[in-house]
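Me: Can you walk me through this one? I'd like to go over the packing and the charged pairs.

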Amino acid sequence: MSKIELLHGSDHVIEKPDFYLGKTNNDYGRGFYCTRELSMAMEWACKQNTDGFVNKYSFEQDSLKVLNLLDGDYNILHWMALLLKHRTFRLSNEIAIDARDYIIDNFSIDLKDYDVVIGYRADDSYFSFAESFVQNGLPLRSLNQALRLGKLGEQTVLISEKAFNRLKFEGAELADKTIYYPKFITRDSSARATYRKEIRRGRSYKDDIFVLDILREEMKNDDPRIQRILSK
């Protein structure tokens, strides 16, 4: 049996998560968003500068279909496509509108047959990376590196009723805002600093790929130019 511990930071104790209460405009749509890192869960619990709780669950994975966006079979554009499909982006120009449609059409993954998604978490600061890329302001290499270097953190998301039924509540731990809210702010500030750094570096990348290049050249996932950028 493949059993793991999942953690969910919240402002209240959640003994039995309800599949139908999840918001549809989260990173991967409706689901229960968890992490396996205690420190990350503590920060999520206190991000409104209030004390919170880290809800702890045991989770049985056997026979579930898992999409792991970080296992090497997928790249940052697959993550972008799912984000564009579910989150609300500020599309300030025609390039951004066309980019959204093109990336969704060519890189999106159909989640309807999956029970669990493992991937990056797009907190507020990191969401600005994604928006800048879609608006042609951040090159692909910088987007990829900034997310990795910024210690974005992984999340495990339960997206089916079958997966929800595998959760077993094991208790909750108090998260102290005086400890974890400053850590949340520090992580956010670090992300913004990384973003500014990558914007500056991006200006000197003469061989990089911007979203307008992807549109003009109608690049697909197997395009060697995309693979070359993302492998560095």
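Predicted model: local features only at pLDDT ≥ 70, side-chain atom pairs only at ≥ 80, totals over all residues.

Me: Which residues touch the most other members in the largest nonpolar core?

Reply: Tyr28, Ile76, Trp79, Met80, Phe133, Leu140 and Leu143 do, in a core of 46 residues.

Me: And which elements each supply at least two residues of it?

Reply: On the helix side there are H2 (76-86), H3 (94-107), H4 (124-134), H5 (140-149), H8 (211-217) and H9 (224-230). Strand E5 (116-120) is on that list too.

Me: Which one gives the most to this core?

Reply: H2, with 8 residues.

Me: Let's look at Trp79. What is it in contact with, leaving aside neighbours within four places in sequence?

Reply: Tyr28, Tyr120, Ala122 and Leu147.

Me: What does the second, separate core include?

Reply: That one has 15 residues, among them Leu6, Cys34, Tyr57 and Leu64. As a general point, nonpolar side chains tend to be buried together in soluble globular proteins.

Me: Back to H2. At what angle do H2 and H3 pack?

Reply: About 120°, and their axes are 8 Å apart. That angle makes H2 oblique to H3.

Me: Is the crossing left-handed or right-handed?

Reply: Left-handed, as H2 passes H3.

Me: Which residues make the contact?

Reply: From H2 you have Leu77, His78, Met80, Ala81, Leu84 and Lys85. H3 answers with Arg100, Ile103, Ile104 and Phe107.

Me: Switching to charges. How many salt bridges does the structure hold?

Reply: There are 9. Take Glu131 and Arg90: their closest N and O atoms are 3.1 Å apart.

Me: Where do Glu131 and Arg90 lie?

Reply: Glu131 is in helix H4, while Arg90 is in the loop between H2 and H3, so the pair ties together parts that are 41 residues apart in sequence.

Me: Is Glu131 buried or exposed?

Reply: Buried, because its relative accessibility is 10% and the cut-off for buried is under 20%. Arg90 is exposed, with a relative accessible area of 53%.

Me: What does Lys112 form a salt bridge with?

Reply: With Asp113, where the closest N and O atoms are 3.6 Å apart. Lys112 counts as exposed at 62% relative accessibility, and Asp113 counts as partly exposed at 48%.

Me: Which residues are linked in a network of salt bridges?

Reply: Glu217, Asp223 and Arg225 are. Within that group, the side chains of Arg225 and Glu217 meet at 3.7 Å, N to O. Arg225 is partly exposed at 32% relative accessibility, and Glu217 is partly exposed at 47%.

Me: Last topic, Thr156. Where is its place?

Reply: In strand E6, which covers residues 154-158.

Me: Why does Thr156 count as buried?

Reply: Because its relative accessibility is 9%, and buried means under 20%.

Me: Which residues does Thr156 touch, not counting those up to four places away in sequence?

Reply: Leu6, Phe32, Tyr33, Cys34, Arg36, Val116, Val117 and Ile118.

Methods
Residues numbered from 1 in each chain as written. Heavy atoms only, no water. Helix = DSSP H or I, 4+ residues; strand = E, 2+ residues; numbered from the N terminus. Buried < 20%, exposed > 50% of the residue type's maximum accessible area, 1.4 Å probe, protein only. Contact = heavy atoms within 4.5 Å. Core = buried A, V, L, I, M, F, W, Y, C linked by side-chain atoms within 4.5 Å. Salt bridge = Lys/Arg side-chain N within 4 Å of Asp/Glu carboxyl O. Axes fitted to C-alpha atoms, helices over the stretch in contact; angles between N-to-C directions. Parallel < 35°, antiparallel > 145°, perpendicular 65-115°, else oblique. Left-handed = near helix turned anticlockwise from the far one by under 90°.
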